[in-house]
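This report describes a structure with chains in contact. Please have the sequence and the 3D view open while reading.

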Amino acid sequence: MGSQMVHKRVPAFRVLGRVLHHGDRPFQALMVLACLATVGLVATIGWALWRNSALSRAAFGWHFVVTSRWDPALDRTFGALPFLQGTLITSVVALLVSVPISLGVGIFLSEVAPEWLRRPIGFLVELLAAVPSVVYGLWGLFAFIPSFVKPLANFLNRTLGFLPLFEGPTFGPSRLAASLVLAIMVSPTIAAVSRDVFQAIPDAQREASLALGATQWETISRVLIPYGLPGLLGAVILGLGRALGETIAVTMVVGNNLDLSISLLHPGYTMASIIANEFAEATDELHLHALIEIGLILFLLTLIINSIARLLVWGVGRRTMREREG
Amino acid sequence: MSALGRWLSIAALVLLLVGCGAPTQAPAIQTQPPAEQTRAPAPTKAALPTLTPEPTPIPPGSIQINGAGASFPFPLYSRWFYEYAFIDPTVKFNYQSIGSGGGIKQITARTVDFGASDAILTEEQFAAAPGILMLPTVAGAVVPVYNVSELKEAEPLVLDASTLSQIFLGKITRWNDPAIAALNPNLPLPAKEILVVHRSDGSGTTFIFTDYLSAVSDEWRNTVGKGTSVEWPVGLGGKGNEGVAGVVSQNDGAIGYVELAYAKQNKLSIARLVNAAGNIVQASIETTQNAMADYGDEMPGILARSIVNAPGKDSWPIAGYTYLLIYMDQSDCAKGKKLVQFLRWALTEGSTYAEHLEYVPLPENVRQQVFARLDQVTCNGAPLR
């Protein structure tokens, strides 16, 4: 297109005017730029984390991810295993708690609730997502743990204490507390997105199902959920992303202890927490590099989990498409 | 499709125009004087064209002094900067409490005019920043706090160096341990388990506390050591003073450590300690100042030293200085002069604000040494002023 204009020898301002009027070219360029900026940003972050963790990678190699000592003072030995484990446990438990609840909220808001109730409740759910995480942390530490988590932990320990998952003793700040606070934090995101997913499903689907004699429950469970599965998975991934990276709220309630048991009632530690805790006052180079390497691992873990989830969505999406066509 | 494209491109153009328009509006905003300057003796005349050339006063806030570092003294420093703006409005301080590590890095790279650190610089750090001065500004006391329901109404618990270190090493696990009972014959000590709570975030408070434990216990020194964060043998980590206090107050049988100011403001039960002289002391500004004075005449050339386990008969044993880091030879004379003036003010009149905030001002013998050091500060090799 540009070369055509040169051949016609139109004045430059006309070319500019036509290009701007037409709009496609500048718009395209702008969008390509925005896209490249995102890719460039991810690459730059990865590169910076890689470069600034050189000392720690050289000193510990692969042992870093499989050892569990973290001693910045005396031996300057660092291992990331407790943090890796803590991040995975708290995120997974948070999702296990949050997904059924928030899907329920999404279904309720889209399918079950009377029209006049949808807006106020939807608004409240979105408001929950806007609460700053430090507020969740303070609330968790001073209200939620003493009034709910501790009694729950004591109860779990009394009844299911024979399982390693619910071993005592119980103190309050624990992986369970972190998981529950995380569950509350990711629920609004999952609920809001899944409500939008359900609302985007054409009414023809519901009508067809009801016309065949299905109950509302059968319509939701056999028609709407399978139809919206890719979108629902996307909602869960958004929630998982927040759970993996959540820092301040988790740091305040997780107990910050290098405990390697799998008990939910024990205090734990997460990757984001150790960075938040120690980065500011780390004066030793190796200590700093070890913290940055944890950042690198968290970055890679997030990339990997997101890629897997993305593949899952694609797979499910293709299958649903085939089923719809077939 | 093309209609959509056109609308999007219009939107993009609008965004671009808005983006380009922003800088032209900026000067209009700047013409309004910043709020801090309104209380200054405003030299508004300077703005009007006058025929008689007067020696123009330095406009308010025109000298910006940037600092960064420790978060422990941040409440005091920001109070000092606020109050100092009324005394010398020409200078404006900007302090970022990014942590001691960041403060040391930034002053080493000379990206700030002063740094601040709770920790004493290591030899490598001194070597990386030749000509750097460590100037103690105030000290802070760290106190053991506990929550045992049976002891709520009783007199404060007494601990000594060995029981405290044994508790934090996980060797003493119950409140009615004979070692604790021997120190507190009148207290109804329960058989409860002790829950140790420590700071999870790297902090000067932890440095002071572990410095003390390392000074009094060989076992602690050889197995845990001292630092802004250490590998704790037992216990839960709470983020910040509020995190430690929160976990302690929610768990019957817990013991932790926080800054004196925080413990007092939140009315936590503070343990008394048997100090190096063998006396039972209570944490206070006076007893902490005693500890500083004990070591005041033994300050080494760098004006920085640990003051834990002080020998005086009435000295609180767990305390530490926080330091300002400046270069002996300043590169910007105007800034250097203002900085030194400010420090003199902070250490004299400013000390009242320190006591308000429960920081411990320097005792006289240490303060004179800091003043003597400030006299030696130069600018590009020449004496200041």
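## Chain A overall

The model is predicted. Chain A contains 14 helices and two strands. Its C-alpha trace spans about 80 × 60 × 35 Å along the principal axes. The radius of gyration of chain A is 25 Å, whereas a compact globule of 326 residues would have a value near 20 Å.

Of the 326 residues in chain A, 38% are buried. Taking the contacts in chain A between residues at least 6 apart in sequence, 75% join residues at least 24 apart.

## The contact between chains A and B

Chain A contributes 30 residues to the contact and chain B contributes 34 residues. On the side of chain A that touches chain B, at least two residues come from each of α3 (24-51), β1 (70-71), α8 (133-160), α12 (248-253) and α13 (271-278). By type, the residues on this side of chain A are 17 nonpolar, eight polar and five charged.

## The largest nonpolar core

The largest nonpolar core has 173 residues, and those touching the most other members are Val181(A), Val253(A), Val143(B), Ala319(B) and Leu325(B). Helix α9 (residues 175-200) of chain A gives the most to this core, namely 16 residues.

Leaving aside residues up to four places away in sequence, Val181(A) touches Tyr136(A), Gly140(A), Phe144(A), Ala249(A) and Val253(A).

## Helix α9 of chain A

A kink of about 35° lies in α9(A) at Val186(A), shortly before the proline Pro188(A). At 1.5 Å a residue, the 26 residues of α9(A) should span 38 Å, and the end C-alpha atoms are 36 Å apart, which agrees.

## Helix α11 of chain B

Helix α11 (residues 285-296) of chain B has twelve residues, which at 1.5 Å a residue should span 16 Å. The end C-alpha atoms of this helix are 16 Å apart, in agreement with that figure.

Which residues of α11(B) are buried? They are Thr287(B), Thr288(B), Gln289(B), Asn290(B), Ala291(B), Met292(B), Asp294(B) and Tyr295(B). The cover over the buried residues of α11(B) includes the strands β4 (132-147), β11 (280-281), β12 (319-327) and β14 (360-361) of chain B, together with the helix α14 (364-375) of chain B.

Technical notes:
Residues numbered from 1 in each chain as written. Chains lettered and ligands numbered in written order. Predicted model: local features only at pLDDT ≥ 70, side-chain atom pairs only at ≥ 80, totals over all residues. Contact = placed C-beta atoms within 7 Å. Helix = DSSP H or I, 4+ residues; strand = E, 2+ residues; numbered from the N terminus. Nonpolar A, V, L, I, M, F, W, Y, C, P; charged D, E, K, R; others polar. Core = buried A, V, L, I, M, F, W, Y, C linked by C-beta atoms within 7 Å. Buried ≥ 20, exposed ≤ 12 C-beta atoms within 10 Å, placed from the backbone. Expected span 1.5 Å × (residues − 1). Bend = angle between axes of the 7 residues up to and from the residue. Rg over C-alpha atoms; globule rule 2.2 N^0.38 Å.
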